[in-house]
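Please keep the sequence and the 3D view open while reading.

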Amino acid sequence: MFSKPVVLARNPGLITSLGWKACIAVIPLALIPSASAETFQLILQGKVVMQDGSVPTQSVGIERTCSDAGSAPGPVTDKKGEYLWRMEVDPMRQRVCKLRAQLAGYTSSEIDISGFNSYSNPKLPPLVLTRSSGDPNVIVTSSENVPPRSLTAWKAAIKAIQAANMPEAIHQLQAVVQASPKFAQGWNTLGIVYKQQDKDMEARDAFQHAIELDPKLLPPYVTLDRLCINYKDWQCAAKVSDQLIKADTKKAYPEAYLHLAVARLELKDLAGAETSARAALAAHANPRIEYVLGRILEAKGDVSGAREHISKFIELAPDAPEIELIRAHLQALGTPQADSGVQPNLELP
């Protein structure tokens, strides 16, 4: 249980005339002394919205995740998607804490509250819910849509996969697509197994077959796109990312915007890269897009814009891989040192 808030004012009559809510709003951040002299009560106000900006049709839970044992569930949203959270805070405790929303079938953006103090704004930016995308590496084991001529080989392949006998699975899946060369899911499954066995070139070919046979089947786009990025095949990444964005009408895989921005930057298409990066921000892709957009603006000579977005990435992902290298790059922006030495990766495998 949280202790009851105590609001201090120079004018004792102010509380009576304005009421509790008005007094809380007057304080830049409601860091209010609690019953314990060592902690404060932090009062935060926020809202949860869907990807299109609309209010969720049901209540959404809010949770706090911390780098120590401070993680905890919080309030639920009201009909307007709004919430108010009073939490105990120890200002001397060093830890990373973030807020996020919880709703089955959706992923949430995060808000870092680690450095909040009495001068921070208690009105938080919205938490954005995005429909969760399925893992493109999941193998569909159902035999429902398998062509009859490939059914025996398909069942043998699934049995081999479940037994972790991947060479046999590849052999049986090759028989599946040989008997039914237009079976897109068969090609996609063969590509997944090839990739698990580090047969990347064979996997790329299988995924490409699946895409050509069924342009509405999204997983092979995603896995092929990731392979192109990992191999720094920028032409391939640009092409497949663009195809995925067009096919993915519900934006289930917003990572495609990030991949396209990176590929276009590497291909020296700075205008196209910036367009893709800003589309990624609008699609609420991962925080890495802030760093990529910063690098794009740096390449365009906009040092101020680059500094803004790279700083934002560091704020959103302080524990990200290569973070110290990125901090060093930020410090060197606008100097000859920025172009020398080891450059941080735009994306990580």
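## Terms and source

A residue is called buried when its relative accessible area is under 20%, exposed when that area is over 50%, and partly exposed in between (1.4 Å probe, protein chains only).

The model is predicted, so local features need pLDDT of at least 70 and side-chain atom pairs count only at pLDDT 80 or more, while totals for chains, interfaces and linings use all residues. Residues are numbered from 1 along each chain as its sequence is written, and side-chain values use heavy atoms, with hydrogens and water left out.

## The disulfides

A disulfide is a pair of cysteine sulfur atoms within 2.5 Å. The whole structure has two of them. In sequence order, the bonded cysteines pair as 1-2, 3-4.

Cys66 is bonded to Cys97, with an S to S distance of 2.0 Å. This pair links distant parts of the chain, 31 residues apart: Cys66 lies in strand E3 (residues 61-66) and Cys97 in strand E6 (residues 97-102). Strands here are DSSP runs of E with at least two residues, helices are runs of H or I with at least four, and both are numbered from the N terminus. The S-S torsion of Cys66 and Cys97 is about 115°, so this disulfide is right-handed. Both Cys66 and Cys97 are buried.

Cys228 is bonded to Cys236, with an S to S distance of 1.8 Å. Cys228 counts as buried because its relative accessible area is 0%. Cys236 is buried too, at 14%.

## Lys300

Lys300 sits in the loop between helix H11 (288-299) and helix H12 (303-316). Its relative accessible area is 43%, so Lys300 is partly exposed.
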